[in-house]
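Dear colleague,

I am passing on the structure we spoke of, and below it you will find notes on what was found in it. Please read them with the structure open beside you.

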Amino acid sequence: MQIISFKMIPFLDLQKINLLHQVEIEAKLLDVFRSGWYILGCENKAFESEFSEFIGSKHCVGVANGYDALRLIFRAYIQMGILKSGDEVLVPAHTYIASILAITENGLTPILIDAKKDTFQMNLHLIQEQITPKTKALLTVHLYGEVDYSIEMQDLVSKNKLLLIEDNAQAVGASHQGIKTGNIGHAAGFSFYPGKNLGALGDGGAVTTNDPELAQMVKILANYGSQKKYENQECGLNSRLDEIQAAVLRVKLPHIDQENQKRREIATRYLKEIKNDKIVLPANPTDPNQHVWHLFVIQTSNRDDLQKFLSDHQVQTMIHYPIPPHKQACYAQWKDLQLPVTEEIHQTVLSLPISPVLTAAEVDYIIQTIN
């Protein structure tokens with residue numbers, strides 16, 4: 001088969017994704033502009049209700065970004081007396097650093113769990129030996145769009161009486177046995193960063209939970225610790241989902257399942273048609289609903305060479321993530337920590353283009369070029 005030449009295929013064409021909803025988004029932006037109400041108004045309230053219904057949770061609180069969503073959950077549990085400074089939180093070693101920053105920001109202690117090479121997710125077999133009397137929570141990360149939850153994880157959480165918190169920044173719309181991520185644990189943090197499957201036109205985030213006390217505390221803390229204007233019952237921060245972002249998310253939310261399905265179709269083609277013995281493809285879950293393919297991440301010992309080759313052939317790729325959290329300068333105290341699988345993953349992963357606007361011809365070209 002002849003390979004057709006392309007202009008550079010972008011890793012993620014955000015402009016093209018948002019143009020799918022151009023008419024509705026522009027109308028909504030005009031509505032917000034004309035309303036004269038730009039913070040904590042009707043769009044935010046409506047989005048919280050609609051997103052809560054979508055996830056299946058009883059409560060949703062819109063916040064400024066995904067990192068704030070996580071750190072507000074931990075902060076709320078501290079204010080409620082459920083967690084305290086120095087408590088330990090089990091967390092995957094292979095994750096974006098925001099997962100871990102949210103823990104240390106609150107004076108809690110992350111316990112990094114090495115990954116499984118085939119799924120990139122935390123190795124449950126390593127967890128029990130890390131649990132101490134100070135271990136109070138497990139932060140599971142639905143990395144790359146795949147559910148990281150199982151009966152074994154739930155048994156471990158129940159046996160050790162741990163909080164189960166979900167970092168759901170990358171897996172909106174995924175589900176486990178009919179239960180959506182964001183409604184599996186005690187609380188969940190979402191990111192609506194523009195590049196996410198459900199992306200705003202700027203930063204945005206949300207917390208979901210079925211605990212009314214937690215939801216109320218998150219709402220108070222996110223609004224300067226205030227429930228009534230100029231009365232501050234807690235030492236809070238400013239982390240609110242503004243009306244413009246809420247309005248945009250309301251437009252895009254009804255389309256998320258359809259757009260996730262397009263991602264699944266592209267992932268299915270990659271998994272079936274990439275035939276290069278130097279490349280390890282990601283594991284494909286038996287239940288397709290368990291993965292929304294925020295990222296399609298391959299592994300190869302020739303990662304840098306492959307990335308250059310693809311770039312030379314007009315295919316843009318990304319590395320998620322080049323440096324593991326325990327090797328970052330801000331966590332110099334962990335520089336001697338040995339997490340061999342996580343460290344190998346960070347040297348071998350490469351993310352291929354995947355999005356609802358990637359064309360069949362572009363997918364053909366990417367597969368043929370890799371092969």
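**Backbone exceptions**

Phe120 is placed in the loop between strand S3 (109–113) and S4, and, please bear in mind throughout, the model is a predicted one. Although Phe120 is not a glycine, its phi is positive, at about 75 degrees, and the residue is buried, with a relative accessible area of 4%. Most residues other than glycine have a negative phi, and most peptide bonds are trans. Gln177 also has a positive phi without being a glycine, with a value near 50 degrees; its place is the loop between strand S6 (175–176) and strand S7 (179–180), and, at 62% relative accessibility, Gln177 counts as exposed. The peptide bond that leads from His320 to Tyr321 is cis, with omega near 15 degrees.

Because Tyr96 lies in the loop between S2 and H5, and Tyr321 in the loop between helix H10 (303–312) and helix H11 (340–348), the pair ties together parts that are 225 residues apart in sequence. Tyr321 is buried, with a relative accessible area of 13%, whereas Tyr96, at 47% relative accessibility, counts as partly exposed. The count of aromatic pairs comes to 11. Elsewhere, ring pairs link Phe47, Phe51, Phe54, Phe190 and Phe192 into a cluster, and the charged end of Lys180 sits over the ring of Phe54, at 4.6 Å from the centre of that ring.

**Nonpolar cores**

The largest nonpolar core has 36 residues, and those with the most contacts inside it are Phe74, Tyr77 and Leu139. Among the elements that each supply at least two residues of this core are strand S1 (59–63), helix H4 (66–79), strand S4 (135–141) and helix H7 (212–222), and the largest share, seven residues, comes from H4. If residues up to four places away in sequence are not counted, Tyr77 touches Ile82, Leu83, Leu163, Ile165, His186, Ala187 and Leu214. A second, separate core of 22 residues includes Ile279, Val315, Leu350 and Ile367.

Strand S12 (residues 296–299) runs antiparallel to S13 and is joined to it by four bridges, and Val297 stands opposite Ser351 in S13. S13 is also, together with S12 and H10, among the elements that cover the buried residues of H11, which are Thr342, Ile345, His346 and Thr348.

**A buried asparagine**

Which backbone oxygen does the side chain of Asn260 reach? Asn260 has its place in helix H9 (residues 256–273) and is buried, with a relative accessible area of 2%; its side chain reaches the backbone oxygen of Val172, at 3.1 Å. Leaving aside neighbours within four places in sequence, Asn260 is in contact with Val172, Gly173, Asn197 and Val292.

With best wishes

Terms used: Residues are numbered from 1 along each chain as its sequence is written. This is a predicted model: local features need pLDDT of at least 70, side-chain atom pairs count only at pLDDT 80 or more; totals for chains, interfaces and linings use all residues. Side-chain values use heavy atoms; hydrogens and water are left out. Buried means under 20% relative accessible area, exposed over 50%, partly exposed in between (1.4 Å probe, protein chains only). A polar contact is a pair of N or O atoms within 3.5 Å; within protein, one must be able to donate a hydrogen and the other to accept it, and residues adjacent in sequence count only if both atoms are side-chain atoms. Contact means heavy atoms within 4.5 Å. Two strands pair if DSSP finds at least two bridges between them. A nonpolar core is a set of buried Ala, Val, Leu, Ile, Met, Phe, Trp, Tyr and Cys residues joined through side-chain atoms within 4.5 Å. Rings of Phe, Tyr and Trp (its six-membered ring) pair if their centres lie within 6.5 Å; planes under 30 degrees apart count as stacked, over 60 as edge-to-face and the rest as tilted. A charge sits over a ring if NZ of Lys or CZ of Arg is within 6 Å of the ring centre and within 35 degrees of the ring normal.
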